[in-house]
Amino acid sequence: MGTFHSLLSAVRDRAATHPEAAALTVVTDPDAGVHRTLSYGELDRRGRAVAAGLCATGKPGDRVVLALPTGEDFATALLGCWYAGFVAVPAPPPGRPGEIDRIGAIAEDCAAAVVLTDVSLSTMDFQPAMRPAAEDIALLQYTSGSTGDPHGVVLTHGNLAHNLAGIWTAFGRPGTVRIGGWLPLYHDMGLAMLLMPWWVGGTSILMPPSVFLRRPHRWLRMVDRYDIQISAGPDFAYALCARQLTDAQVDGLDLSRWTAAISGAEPVSAATVAAFTHRLAPAGFRPEALSPCYGLAESTVYVTGAGAGPPTVRAVDAAALADRRLVALDPVAGTGGRALVGCGTSGHLEVRVVDPDTGRPLAAGHIGEIWIRGGSVAGGYWNRPARSRAVFTAVTTDGEPGWLRSGDLGAMLDGELFVTGRAKDTIVVYGRTLYPHDIEATVRATAPQLATLFGAAFGFHGSGGDIDSTGGERIAVVHELQGRPEPADLRALAGRIRSRVAAAHGVALHGVVLVRPGAVPRTTSGKVRRSATRDLALAGALSPLYTDLPETAR
Amino acid sequence: MVQHDSTAVRRWLTTQVARYLDTTADRIAPHTPLAEYGLDSVISLTLCGDIEDHFGVPVEPTLAWDYPTIDAIQRYVLDALRSGATAL
């Protein structure tokens, strides 16, 4: 393979030339400076020990599920898999029942040889003989969400190398490299926070997600204290910081050295951009550091990003938006507009906006499906040939083959990609992709009056798409109900539905609508039409038996 | 050590939860599961951190599942304060 520069060769070279250099620092309390550090030499040594253990239990190409928390074990197990030629499959660490189900679903789907929930190091050594080929499978990235129908994106060492090089070209700066964050490592953007610094011999600085979620200011404290230049989070994390930080916490921060605050994994809200930039300005946070990005696991992780300059926020005509056109409004006009944040450009991939029904490439200003082509794009889903063909081998009407269909909708405006929504029914909350049928199954199991009937879960935007909307997606569910219960019983049932969904999926329902049997629209083949149901519900046109969908949603 | 009575603890908890859920304290009933008001997993973890910081008692991340109402959380906090448990 000679000239192929893989992540693995980067790590091995660094371990050989600078064994004392820090590869990973795990921070558990940034206020007090509590952390542990793993050097490249130690990472390499432990990785080889894991590889020796794996070779005793399986063979190269076998899948190894890494159900491990953020920490050294995940890092060494990942490297061990690659040294031994195994396929790493990141998964959530066991915790709540939902997570255990998910690990089981992933392990079953990929026919895993091993599920690691902790790491014991073999006493034997292992000498990685060969460097991987670009087409060798490095990992399966299971997109978050569905337990009923998990699908793993097959990523090769070549995909990883191509994407990391793309991220580095967009956001890298010369000098000491310190990159990190708190996103879980089974999340594609979280994994990038571990691997990106390794690509260039730098240090990954990670915090367990629960440390951030309990005290959001600790993320920013970590960026400051550990001198991190690049850190990523979903929109909600920036919103949480803008809302939660006290004046004293802001006063104690110096964020002037944070060069790339990447916002990705969920739609970037103009309100969040403004609130975060304003709230953290006294801490020296620079508006141009905030970098809205677009990406997806099917293309490793990173597709487009806004690098130099502050984020582009454009007010667009809401009526034209519904007509699939992106029409920028005069910045001072204000009313009837929706504020959209630009997600920049791609230096490493081809990005096109295409009519999802015909495959015809669309001109700038027209909304269509975002199609992607290039070295970061995966070969397909694990063991899903039909679905892989449909998603990964699209052809445009001008005869260009090999495009990935993202399922996301957007348009180009002044050379920049604006993401406007999704062509598929998935819902994104807190950077997690949720699948409506999982939520519908939970709802259906709440009460016998719902059991055999139809329902639709869908996402909607909080305040009717006004210009100052916070942009975060909310979830509502419409479900058919047998019989004619009393209003008080309906209210109690709605409460139980909310509790069940919160317990099973960790998310809140912002609207429960109960309707008569047959009221949920379906196709002739009996499939629930979710977007039609959403339109009817938001228009108040369902004649519900019960609804607590907020008026502002309509 | 600061003395906390049940009314004060309840009032503080209700105010925090109302703020997270963008509502007012009078709309949060002490015996209704907080999940019914829209308390999700992210908000409940933030609440854990706030309780630890405010009362100085350790809180498991599963707090909102183990103690699903304001009333239950209030009893947990008071018990922890009485037993003298302290957070890290």
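How many bridges join strand β1 (residues 22–29) of chain A to strand β2 (residues 34–39) of chain A, and in which sense do the two pair? I looked this up and found six bridges in the antiparallel sense, with strands taken as DSSP E runs of at least two residues and helices as H or I runs of at least four, both numbered from the N terminus, and with two strands said to pair if DSSP finds at least two bridges between them. V27(A) stands opposite H35(A) in β2(A). β1(A) and β2(A) form a hairpin with four residues between them, and in the turn G33(A) has a positive phi of about 75°.

Notes on the model. I keep in mind that this is a predicted model, in which local features need pLDDT of at least 70 and side-chain atom pairs count only at pLDDT 80 or more, while totals for chains, interfaces and linings use all residues. Residues are numbered from 1 along each chain as its sequence is written, and chains are lettered from A and ligands numbered from 1 in the order in which they are written.

Chain A overall. I noted 16 helices and 25 strands in chain A. The C-alpha trace spans about 70 × 55 × 55 Å along its principal axes. For 554 residues a compact globule would have a radius of gyration near 24 Å, and chain A agrees with its 24 Å; this radius is taken over C-alpha atoms, and the globule rule is 2.2 Å times the number of residues to the power 0.38. Of the 554 residues, 52% count as buried, that is, with 20 or more other C-beta atoms within 10 Å of their own, where 12 or fewer would be exposed, anything in between partly exposed, and C-beta atoms are placed from the backbone.

The antiparallel sheet. I then followed four strands of chain A that form an open sheet in the order β16-β17-β18-β19, with antiparallel pairing. β16 (350–354) and β19 (416–422) of chain A stand at the edges with a single partner strand each, so one side of each is left without a neighbour in the sheet. The twist averages 50° from one strand to the next, with axes as lines fitted to C-alpha atoms, for helices over the stretch in contact, and angles running from 0 to 180 degrees between N-to-C directions. Strand β17 (residues 368–373) of chain A is joined to strand β18 (residues 404–413) of chain A by four bridges, and W371(A) has R405(A) as its bridge partner in β18(A). Between β18(A) and β19(A) I found six bridges in the antiparallel sense, with M412(A) opposite L417(A) in β19(A). Their hairpin has two residues between the strands, and D414(A) takes a positive phi near 50° there.

The mixed sheet. A further open sheet of chain A has four strands in the order β22-β23-β24-β25, with mixed pairing. Its edge strands are β22 and β25 (546–547) of chain A, each pairing on one side only. β23(A) and β24(A) pair in the parallel sense over five bridges, and A476(A) stands opposite G511(A) in β24(A). α14(A) packs on the sheet, touching β22 and β23 of chain A, and its direction makes about 125° with that of β22(A); contact here asks for C-beta atoms, placed from the backbone, within 7 Å. α15(A) also packs on the sheet, touching β24 and β25 of chain A, and its direction makes about 130° with that of β24(A).

Helix α16. Which residues of helix α16 (residues 530–538) of chain A are buried? They are R530(A), T533(A), R534(A), L536(A) and A537(A). Their arc around the axis is only 165°, which puts them on the same side of α16(A); the arc is that of the directions from the helix axis to the C-beta atoms. What covers them includes α14 (436–444), β22 (455–461), β23 (473–480) and β24 (511–515) of chain A. Just after α16(A), G540(A) takes a positive phi of about 70°.

Contact with chain B. Here 16 residues of chain A are in contact with 14 residues of chain B. On the chain A side, α7 (209–214) and α15 (487–505) each supply at least two residues, and α15(A) gives the most, with five.

Key:
Two residues are in contact if their C-beta atoms, placed from the backbone, lie within 7 Å.
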